[in-house]
Amino acid sequence: MQRIFVNAAIKKALCREAKDDRSWLSKVRPMYGHDYHFHIRIKCPAGSSECESQPEPSEGEGCSTSDLAYWFKDSVLHPKPPEKPPKPKPPMTLAQMPAACREILAAPDAKQ
């Protein structure tokens with residue numbers, strides 16, 4: 001696992017409550033829009049030519065007051081709506097996905 005994207009309040013609580021081994025905290029990252037869910041970003045398998053990895057998370061827990069301060073500013077907690085709403089991105093089609101993703105989606109259901 002490379003990262004877990006969560007609401008900033010969850011990151012703050014994890015920082016407060018984590019005990020002994022805190023090395024995993026660097027992988028937990030606050031991210032906009034994760035109020036009701038979280039995402040896990042998995043590392044690419046070794047030797048995978050189609051998977052694009054992200055840079056490793058920076059060192060440190062990301063738990064200092066300065067690390068978390070941005071996420072609790074009023075302008076971040078209550079952003080002003082844009083004057084002109086952004087045009088939504090069109091949904092990704094099956095044809096636009098990498099072949100490996102299409103194979104997974106086309107695989108028979110494991111429950112059958």
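**Reading the surface, the sheet and the salt bridges**

Guide: Let us begin at the surface of this predicted model. Met1, Phe38, Ile40 and Ile42 make a nonpolar surface patch of about 440 Å².

Visitor: Where is the place of Ile42?

Guide: Ile42 lies in the loop between strand E3 and helix H2, the latter covering residues 65-69.

Visitor: Does Ile42 count as buried or exposed, and why?

Guide: A residue is called exposed when its relative accessible area is over 50%. Ile42 counts as exposed because its relative accessibility is 63%.

Visitor: Let us turn to the sheet. In what order do the strands lie?

Guide: Strands of a sheet pair through backbone hydrogen bonds, and the pairing may be parallel or antiparallel. In this structure, three strands form an open sheet in the order E2-E1-E3, with mixed pairing. The edge strands are E2 (28-30) and E3 (39-41), each of which pairs on one side only. From one strand to the next, the twist averages 25 degrees.

Visitor: In which sense do E1 and E3 pair?

Guide: Strand E1, residues 3-6, pairs with E3 in the antiparallel sense, over three bridges. Within these two strands, Phe5 of the chain stands opposite His39 in E3.

Visitor: Which helix packs on the sheet?

Guide: Helix H1, residues 8-17, packs on the sheet and touches E1 and E2. The direction of H1 makes about 140 degrees with that of E2.

Visitor: How many salt bridges does the structure hold?

Guide: The structure holds three salt bridges. One of them joins the side chains of Arg16 and Glu17, at 2.9 Å from N to O. Arg16 is exposed, with a relative accessible area of 56%, whereas Glu17 is partly exposed at 46% relative accessibility.

Visitor: Which pair links parts of the chain 39 residues apart?

Guide: That pair is Glu61 and Arg22, whose side chains meet in a salt bridge of 2.8 Å, N to O. Glu61 is in the loop between E3 and H2, and Arg22 is in the loop between H1 and E2. Glu61 counts as partly exposed at 30% relative accessibility, and Arg22 is partly exposed with a relative accessible area of 21%.

Visitor: Which side chain does Lys43 meet in a salt bridge?

Guide: Lys43 meets the side chain of Glu56, at 3.8 Å from N to O. Both residues are in the loop between E3 and H2, 13 residues apart.

Terms used:
Residues are numbered from 1 along each chain as its sequence is written. This is a predicted model: local features need pLDDT of at least 70, side-chain atom pairs count only at pLDDT 80 or more; totals for chains, interfaces and linings use all residues. Side-chain values use heavy atoms; hydrogens and water are left out. Two strands pair if DSSP finds at least two bridges between them. Helices (H or I, at least four residues) and strands (E, at least two) are DSSP runs, numbered from the N terminus. Axes are lines fitted to C-alpha atoms, for helices over the stretch in contact, and angles run from 0 to 180 degrees between N-to-C directions. Contact means heavy atoms within 4.5 Å. Patches are made of residues with over 30% relative accessible area and no salt bridge: like charges are joined within 9 Å, nonpolar side chains (Val, Leu, Ile, Met, Phe, Trp, Tyr) within 5 Å. Accessible areas come from the Shrake-Rupley method with a 1.4 Å probe; for residues, only the protein chains shown count as cover. A salt bridge is a side-chain nitrogen of Lys or Arg within 4 Å of a carboxyl oxygen of Asp or Glu. Buried means under 20% relative accessible area, exposed over 50%, partly exposed in between (1.4 Å probe, protein chains only).
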